[in-house]
Amino acid sequence: MPLPSNLEKAIDALLSQPGETESSLRRGVLERNRSDVGQVPEILHDLVDKIAHRPWTVTDEDFAKLRSAGFSEAQLYELTLAAALGAGLAPL
């Protein structure tokens with residue numbers, strides 16, 4: 001069953017528009033949570049998995065760890081959106 005057109009547009013906007021992270025990384029995060037096939041760097045595994053399976057356990061420390069690894073706030077925002085969108089798409 002195809003997705004609603006406005007959802008397709010949201011996915012396209014997140015994955016195809018220029019951002020602070022590479023489009024391929026955003027796509028990998030989304031696909032990992034959507035269907036477990038996306039490739040995600042090891043440093044992001046905990047956050048991406050938490051967003052998909054236990055979002056209530058995400059803490060400031062998760063983001064602090066990634067900031068200390070070199071991720072900017074804008075990058076973390078994009079990756080969080082991709083992870084959450086992928087998790088939301090999984091049941092569809």
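Contact here means heavy atoms within 4.5 Å. The model is predicted, so local features need pLDDT of at least 70 and side-chain atom pairs count only at pLDDT 80 or more, while totals for chains, interfaces and linings use all residues. Residues are numbered from 1 along each chain as its sequence is written, and side-chain values use heavy atoms, with hydrogens and water left out.

Leaving aside residues up to four places away in sequence, F63 touches L47, V58, L76 and T80. Y77 is 14 residues from F63 in sequence, and the C-alpha to C-alpha gap between the two is 9.9 Å.

Two packed helices are described by the angle between their axes and the distance between the axes. The axes are lines fitted to C-alpha atoms over the stretch in contact, and angles run from 0 to 180 degrees between N-to-C directions. Helix α3 (residues 45-53) and helix α4 (residues 60-68) have axes 10 Å apart, at an angle of about 150°. That makes α3 and α4 roughly antiparallel to each other; the label goes to angles over 145 degrees, whereas under 35 is roughly parallel, 65 to 115 roughly perpendicular and the rest oblique. The α3 side of the contact brings D46, L47 and K50, and the α4 side brings D62, F63, K65 and L66. Sorted by class, these residues come out as 3 nonpolar, no polar and 4 charged. (Ala, Val, Leu, Ile, Met, Phe, Trp, Tyr, Cys and Pro count as nonpolar, Asp, Glu, Lys and Arg as charged, and the others, Gly among them, as polar.) The crossing of α3 and α4 is left-handed, meaning that the near helix is turned anticlockwise from the far one by less than a right angle; clockwise would be right-handed.

A cavity is a set of points, on a 1 Å grid over the protein atoms alone, where a 1.4 Å probe fits but cannot get out; lining residues have an atom within 4 Å of a point. Grid points are joined across faces, edges and corners, and a volume is the space filled by probe spheres set on the points. Searching the whole structure turns up 1 cavity of 30 Å³ or more. The largest cavity holds about 40 Å³, and its lining is I43, D46, L47, D62, K65 and L66. Both α3 and α4 give two or more residues to that lining, with the largest share, 3 residues, coming from α4. The lining splits into 3 nonpolar, no polar and 3 charged residues.

Helix α2 (residues 23-35) and α3 have axes that come within 10 Å and cross at roughly 45°, which makes α2 oblique to α3. Their crossing is right-handed. V29, R32 and N33 of α2 meet H45, V48, D49, I51 and A52 of α3, a set with 4 nonpolar, 2 polar and 2 charged residues. Helix α1 (residues 5-16) and α2 cross at roughly 135°, their axes coming within 8 Å, and are therefore oblique to each other. Here L14, L15 and S16 of α1 meet S23, R26, R27 and L30 of α2.

Note on methods: Helices (H or I, at least four residues) and strands (E, at least two) are DSSP runs, numbered from the N terminus. On a 1 Å grid over the protein atoms alone, a cavity is a set of points where a 1.4 Å probe fits but cannot get out, and a pocket is an open set with protein on both sides within 12 Å along at least five of seven lines; lining residues have an atom within 4 Å of a point.
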